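Hi everyone, thanks for making time. I'd like to walk you through one model this morning, so please have the viewer open.

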Amino acid sequence: MPNKLASIKDVRKSRKRTHSNLRVKTNLHSLQRSFLGLVREKKFDEAGVLAHKLQQALDKAAKIHVIHKNRAAKSISALQKAIPKTHI
């Protein structure tokens, strides 16, 4: 355990940020799994709606630096390729 007050505060901040980041990453993971399940079942209309929510979540996660912006862009590109253009 750190001795200085600033170090103790850093530990508190780190723990709080880790918890917050984990919540965001878990949400992203569950949205991606749901999306891929809908695509596998060929439910493209529902997948299109979920893709929009997932895209928003990815953009927000990149904005608050939970994930890298290029990873978000790569994931969004993969989403758009997974759904036929007639269902977007």
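Predicted model: local features only at pLDDT ≥ 70, side-chain atom pairs only at ≥ 80, totals over all residues.

Let's start with the pair formed by helix α1, residues 5-40, and helix α2, residues 44-63. Their axes lie 9 Å apart, and the packing angle is about 160°. The cut-off for roughly antiparallel is over 145 degrees, so α1 counts as roughly antiparallel to α2. The crossing of α1 past α2 is left-handed.

Which residues of α1 meet α2? On the α1 side you'll find Val-24, Leu-28, Leu-31, Gln-32, Ser-34, Phe-35, Leu-38 and Val-39. Their partners in α2 include Phe-44, Ala-47, Leu-50, Leu-54, Leu-58 and Ala-61. Sorted by class, this contact between α1 and α2 comes to 14 nonpolar, 2 polar and 2 charged residues.

Now turn to the other pair, α2 with helix α3, which covers residues 69-82. Here the axes come within 9 Å and cross at roughly 175°, so α2 is roughly antiparallel to α3. From α2, the residues taking part include Phe-44, Ala-51, Leu-54, Gln-55 and Leu-58; from α3, they include Ala-72, Ser-75, Ile-76 and Leu-79. The class count for α2 with α3 is 9 nonpolar, 3 polar and 2 charged residues.

On to the core. In soluble globular proteins, nonpolar side chains tend to be buried together. In this model, the largest nonpolar core has 20 residues. Those with the most contacts inside that core are Leu-28, Phe-35, Ala-47, Leu-54, Leu-58, Ile-67 and Ile-83. At least two core residues come from each of α1, α2 and α3. Which helix gives the most to this core? That would be α2, with 9 residues.

Setting aside neighbours within four places in sequence, Leu-58 is in contact with Leu-28, Gln-32, Ile-67, Ala-72, Ser-75, Ile-76 and Leu-79.

Is Ser-75 buried or exposed? Its relative accessibility is 16%, and buried means under 20%, so Ser-75 counts as buried. Beyond its neighbours within four places in sequence, Ser-75 is in contact with Gln-32 and Leu-58.

Methods
Residues numbered from 1 in each chain as written. Heavy atoms only, no water. Axes fitted to C-alpha atoms, helices over the stretch in contact; angles between N-to-C directions. Helix = DSSP H or I, 4+ residues; strand = E, 2+ residues; numbered from the N terminus. Parallel < 35°, antiparallel > 145°, perpendicular 65-115°, else oblique. Left-handed = near helix turned anticlockwise from the far one by under 90°. Contact = heavy atoms within 4.5 Å. Nonpolar A, V, L, I, M, F, W, Y, C, P; charged D, E, K, R; others polar. Core = buried A, V, L, I, M, F, W, Y, C linked by side-chain atoms within 4.5 Å. Buried < 20%, exposed > 50% of the residue type's maximum accessible area, 1.4 Å probe, protein only.
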